[in-house]
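Please look over the sequence and the model before reading on.

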Amino acid sequence: MAPTATDTEATPNGNANNNSNSVALAAPTDSPPHHHDPSPTLRFDTLTTHNAAPEQSTGALIPGIALATAYAVDDVHIQGVSRPTYTRFGNPNRNTFEESLAALEHGKHAIAFSSGTAVTTALVGLVGNGGHIVSVDSLYGGTHKIFTQIVSKTQGIETTFVDLCTPQGLEERVKQAVRVGQTKLLWIESPTNPDIRLVDIARVSKAAKAQDPAITVVVDSTFTSPWYQNPLELGADVVMHSVTKYLNGHTDVLMGVAIVRDDALASHLRLHQSALGAVPSPFDCWLATRGVKTLGVRMREHGRNALRLAQWLSAHPLVRDVVYPGLPSHPSFELVARQMTPRSKQAQLDTGLDLSQGIQYSGMLSFRLDCDPSDSEPGARLLKELNVITLALSLGGVESLIEQPSTMTHWMVPEEERLKLGIGHDLIRLSVGLEDVRDLQDDLDQALQKVLGPVSSTDQSQISVTNKKRKTTA
Ligand SMILES: *Cc1c(COP(=O)(O)O)cnc(C)c1O
């Protein structure tokens with residue numbers, strides 16, 4: 001086993017065994033001095049709610065948006081000064097956001113970009129001409145596009161896609177895929193997208209590094225947020241998020257962030273950030289900082305709603321299959337219990353949940369309709385019949401969003417590969433929001449009945465009985 005995930009709530013210096021509290025949360029060279037170092041012993045919800053210090057000059061509890069692009073300096077010697085000089089190199093809003101993310105992911109440095117995709121681009125910059133990437137075989141469509149349509153052509157970078165989710169023979173598959181000296185990146189997305197399986201991050205990292213210790217292990221942790229998963233505690237070198245999703249959480253910011261412990265990796269990312277210039281605006285950083293204040297509360301509710309909905313859908317006669325890693329029937333269920341952050345586990349135990357019956361693990365689930373996987377019509381019609389749940393790309397916001405991956409987010413994956421991954425037209429991906437879950441159930445039920453129903457009266461009573469049972473168990 002790799003380092004066990006402790007619930008050391010913040011180890012901003014990136015080293016759980018280092019007792020020194022003197023290291024600042026994250027100190028990019030152009031950040032202003034800290035006047036607000038939340039103690040490293042503070043817990044998750046305290047770190048998030050206190051993620052922005054009051055403005056020093058006025059005491060304003062919520063710092064303003066620093067729109068200035070240029071800052072007056074004292075003299076010509078500006079290299080290495082801690083105050084901001086030019087907003088692309090750093091500004092108060094971005095620094096605040098980065099510091100809070102470094103703490104939440106138990107890292108040392110956080111580097112923010114204008115999108116999750118810009119983070120991916122900066123990380124692929126580690127590979128170099130003719131290099132090689134080993135990637136999980138089921139991942140975000142845009143990342144797949146960068147690997148197979150951009151860097152493959154511009155830099156001759158080859159990517160080998162590997163099943164990193166099936167536990168049997170995992171080390172052997174990693175060993176076969178790694179090309180010693182040529183493989184620079186191991187790309188993990190966990191949970192995977194859209195089939196919501198988990199990668200054993202500790203096991204895969206160890207297997208890759210046993211082949212070549214120089215490999216950089218990246219985890220795209222967008223689907224869980226730091227509440228449910230802290231990949232740096234499991235042996236990853238980089239954790240990245242599309243801030244656009246859960247971290248901001250309100251469907252109004254496009255942004256990305258990478259968090260690392262290693263100084264050299266941080267320098268690489270800082271160079272890409274400042275020199276290539278895909279930086280977020282101060283306003284976006286300000287909004288995302290506000291979003292993060294409620295991260296823990298939101299993630300717990302996303303998880304609660306998603307588990308309830310997954311259980312309800314499992315009992316629905318018009319649904320063939322439900323894919324939610326917190327269901328005991330899911331192949332990654334054991335791994336969820338092992339890999340989730342101790343804090344998210346404890347929070348559920350504290351509410352009296354019996355985790356052997358189901359685990360709340362973020363808000364993403366998929367389900368398969370009882371229809372022909374090669375026919376896109378039933379799914380397409382179902383999504384148009386919904387009134388509360390919105391047919392839209394994206395995920396992780398307070399409102400529930402639904403989509404058909406085969407036609408909307410994963411159409412560029414060759415059909416043969418898609419079907420092998422179980423992404424048929426019958427598969428529907430749902431980002432469960434914070435609505436009253438009963439309204440989500442009613443909405444799905446009426447749409448399912450319209451498109452695939454009607455359900456016989458005995459089956460009907462089964463749906464409502466299951467509903468009643470749910471109320472007492474969840
Ligand atoms: C959305 C997303 C991305 C890309 O992020 P953008 O902010 O849209 O550029 C990367 N990975 C995952 C898992 C995503 O969901």
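Phenylalanine 283 counts as partly exposed, because its relative accessibility is 42% and that class lies between 20% and 50%. This comes from a predicted model. Phenylalanine 283 sits in helix α9, which covers residues 282-292.

Phe283 also belongs to a nonpolar surface patch.

**Rings**

The whole structure holds five aromatic pairs. One of them joins phenylalanine 283 and tryptophan 286: the ring centres are 6.3 Å apart and the planes meet at 20°, so the pair is stacked. The cut-off for stacking is under 30 degrees. Why are phenylalanine 283 and tryptophan 286 separated by about one helical turn? Because they are three residues apart in helix α9.

Another ring has a charged neighbour. Arginine 300 lies over the face of tryptophan 227.

**Helix α3**

Is helix α3 mostly covered or mostly uncovered? Mostly covered: seven of the nine residues in 116-124 are buried. The buried ones are Gly116, Ala118, Val119, Thr120, Ala122, Leu123 and Val124. Serine 115 caps the N-terminal end of α3. The cap runs from a side-chain oxygen of serine 115 to the backbone nitrogen of threonine 117.

**Distances**

| Pair | Distance |
|---|---|
| Phenylalanine 283 and tryptophan 286, ring centres | 6.3 Å |
| Arginine 300 to the ring centre of tryptophan 227 | 4.8 Å |
| Serine 115 side-chain oxygen to threonine 117 backbone nitrogen | 3.3 Å |

Definitions and conventions
Residues numbered from 1 in each chain as written. Predicted model: local features only at pLDDT ≥ 70, side-chain atom pairs only at ≥ 80, totals over all residues. Heavy atoms only, no water. Buried < 20%, exposed > 50% of the residue type's maximum accessible area, 1.4 Å probe, protein only. Helix = DSSP H or I, 4+ residues; strand = E, 2+ residues; numbered from the N terminus. Polar contact = N/O pair within 3.5 Å; in protein donor to acceptor, adjacent residues only side chain to side chain. Patch = residues over 30% accessible without salt bridge, like charges linked within 9 Å, V, L, I, M, F, W, Y side chains within 5 Å. Areas by Shrake-Rupley, 256 points an atom, 1.4 Å probe, with all protein chains shown as cover. Salt bridge = Lys/Arg side-chain N within 4 Å of Asp/Glu carboxyl O. Phe/Tyr/Trp six-rings, centres within 6.5 Å; stacked < 30°, edge-to-face > 60°. Lys NZ or Arg CZ within 6 Å of the ring centre and 35° of its normal.
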